[in-house]
Amino acid sequence: MLLSSQTPRTAALLAAGASVALLAAGAPQSVTPLGIGDRLFPHLGNPGYDVRSYDIAFTYGGDNNKPLAAVTKIDAQATDRLEAVNLDFSHGTVRSVEVNGAPARFATSEEDLVVTPAQPVEAGQPLHITVRHTSDPRPGKQDIGWIRTKDGLAMANQADAAHRVFPSNDHPSDKAFFTFRVTAPKGLQAVANGLPVAKQRSGPTTSWTYRTAHPMATELAQVSIGRSAVLHRKGPHGLPVRDVVPAKDTKAVTPWLAKTPDQIAWMESKVGRYPFENYGLLIAEASTGFELETQTLSLFERDVFTRPEYPKWYVESIMVHELAHQWFGDSVSPRTWSDLWLNEGHATWYEALYTEEKAHAPVEKRMRNAYLASDGWRHAGGPPARPKGPEQGEKISIFRPVVYDGSALVLFALRQEIGKDAFERLERTWVSTHRDSTATTADFVRLASDVAGRDLTGFFQGWLYGQKTPPMPGHPDWKSTPVQKQAER
């Protein structure tokens, strides 16, 4: 995610404007919300099972002020004996639930949908869940999820919002394959992550099916419905590049979109082969305040490409930021949200390198400016690998400057410490070793130490967890502005 301006689990379900029905006959008398104990979102995710795949069907009636009919099928495996199964879900009405083919009782607690199977599911057994529900695009206090565009809908599920759209194990540590089936009225176009596998017209509606070829975190899911043009071109090695744009803006945005194949080739020259089955940009006519690295189909505000005051280098740098996330954050996903610096720090780093090479804006100058502000960023947002939690009611407030340039500064310091050649080997090894998986800060520290041939634990301790910014290797003259002076400005 890139905020346009670098600007907890909260109220109970009904206070969030959601409505989840309770099965009338034999519903549980009491249910408990769970979580996997993520430091920033402690109630996010659920223990006891591992999701292998989601199959999600949406029926859109043409009005983005009305809930969509939906069916979510979850194919999982129990890792513990389960007498009840918690799913993350809010902002929709549940019609029925089945577990392994049998009707199940269900109830809600805060933002959890708690399902009680007819029979307990033993550890190691398959866990097939079907939830028939609605998915409500109307805004509530628990933003975001669905984004209402001028002509339809799109998704923005980072960091804690996929469960506002569909029932799930909504934590990046549990990646899964996805199939999306979208039915919409004639004249609209539906697009989702992955590759198209089917399209069928039936009277006044059309149904599309898309499927991912690689596992994906729930926060990276994307479905777009609108009066869109779908533009196709080829990237490196014949990679399919598919862009989804408002049909009326095709001519205006095409010159920007034509830059994507070369940007992919540039990223491949830095870190290796693009990791997914296709790529492209989804340009939405909506005001979000951010761009988002939804897997294989990055979300951008239309204004990024149409506002004349944005210089060319700036627009391209944003495009490269979200592209870099396909390696850092999407293919290699954070095990916990405290590992967010690995996503945003790397995306910012390659954005800065690209700008240096293409717009002659030196990385060192940008990093020196970041160093000046670093102590203030750490004070406001916590150290890069131990960020402060979100502000009340603003989940995306974890995306503070310390996880952007403040974390890219860590990578600059690391390159200074171990040398450019070792740093570049580390980057390539990191994305190849953890492709299609999740990884932690500790994994990065271990790999960096292996590549450098020496223990870097002490180096990373200060740079990732210190309240004050350590001295910059090779630049002992760099000073960070004291927090008090920054506050007085």
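Okay, hi everyone. Keep in mind as we go that we're looking at a prediction.

Let's start with D170. Where does D170 lie? If you follow the chain, you'll find D170 in the loop that runs between β11, residues 153–156, and β12, residues 177–185. Now, is D170 buried or exposed? Its relative accessibility is 1%, so D170 counts as buried, given that the cut-off for buried is under 20%.

And what does D170 touch? Leaving out residues up to four places away in sequence, D170 is in contact with L44, G45, D88, D160, A161, A162, H163, T218 and E219. Pick out A162 from that list: the D170 side chain reaches the backbone nitrogen of A162 at 3.3 Å.

How do you look for it? You roll a probe the size of a water molecule over the atoms, and that shows where empty space is left.

The largest cavity holds about 90 Å³ of space. It has 15 lining residues, and the closest to the centre are D151, S224, S228, I283 and A284. Which elements supply at least two residues each to that lining? There are β11, β16 at 223–226, β18 at 240–246 and β19 at 281–284. Sort the lining by class and you get nine nonpolar residues, four polar and two charged.

Then there's the second largest cavity, with about 50 Å³ of space. Its lining is F328, G329, V332, S333, P334, L342, N343, W430 and A439. Two or more of those residues come from β22, at 332–334, and likewise from α5, at 340–359. β22 gives the largest share, three residues. By class, we have six nonpolar and three polar residues here, and no charged ones.

Last stop, the sheet. It's an open sheet of eight strands with mixed pairing, and the order is β6-β5-β9-β3-β2-β12-β15-β14.

For β14, look at strand β15, residues 205–211: the two run antiparallel, and seven bridges join them.

How values were computed:
Residues are numbered from 1 along each chain as its sequence is written. This is a predicted model: local features need pLDDT of at least 70, side-chain atom pairs count only at pLDDT 80 or more; totals for chains, interfaces and linings use all residues. Side-chain values use heavy atoms; hydrogens and water are left out. Helices (H or I, at least four residues) and strands (E, at least two) are DSSP runs, numbered from the N terminus. Buried means under 20% relative accessible area, exposed over 50%, partly exposed in between (1.4 Å probe, protein chains only). A polar contact is a pair of N or O atoms within 3.5 Å; within protein, one must be able to donate a hydrogen and the other to accept it, and residues adjacent in sequence count only if both atoms are side-chain atoms. Contact means heavy atoms within 4.5 Å. On a 1 Å grid over the protein atoms alone, a cavity is a set of points where a 1.4 Å probe fits but cannot get out, and a pocket is an open set with protein on both sides within 12 Å along at least five of seven lines; lining residues have an atom within 4 Å of a point. Grid points are joined across faces, edges and corners, and a volume is the space filled by probe spheres set on the points. Ala, Val, Leu, Ile, Met, Phe, Trp, Tyr, Cys and Pro count as nonpolar, Asp, Glu, Lys and Arg as charged, and the others, Gly among them, as polar. Two strands pair if DSSP finds at least two bridges between them.
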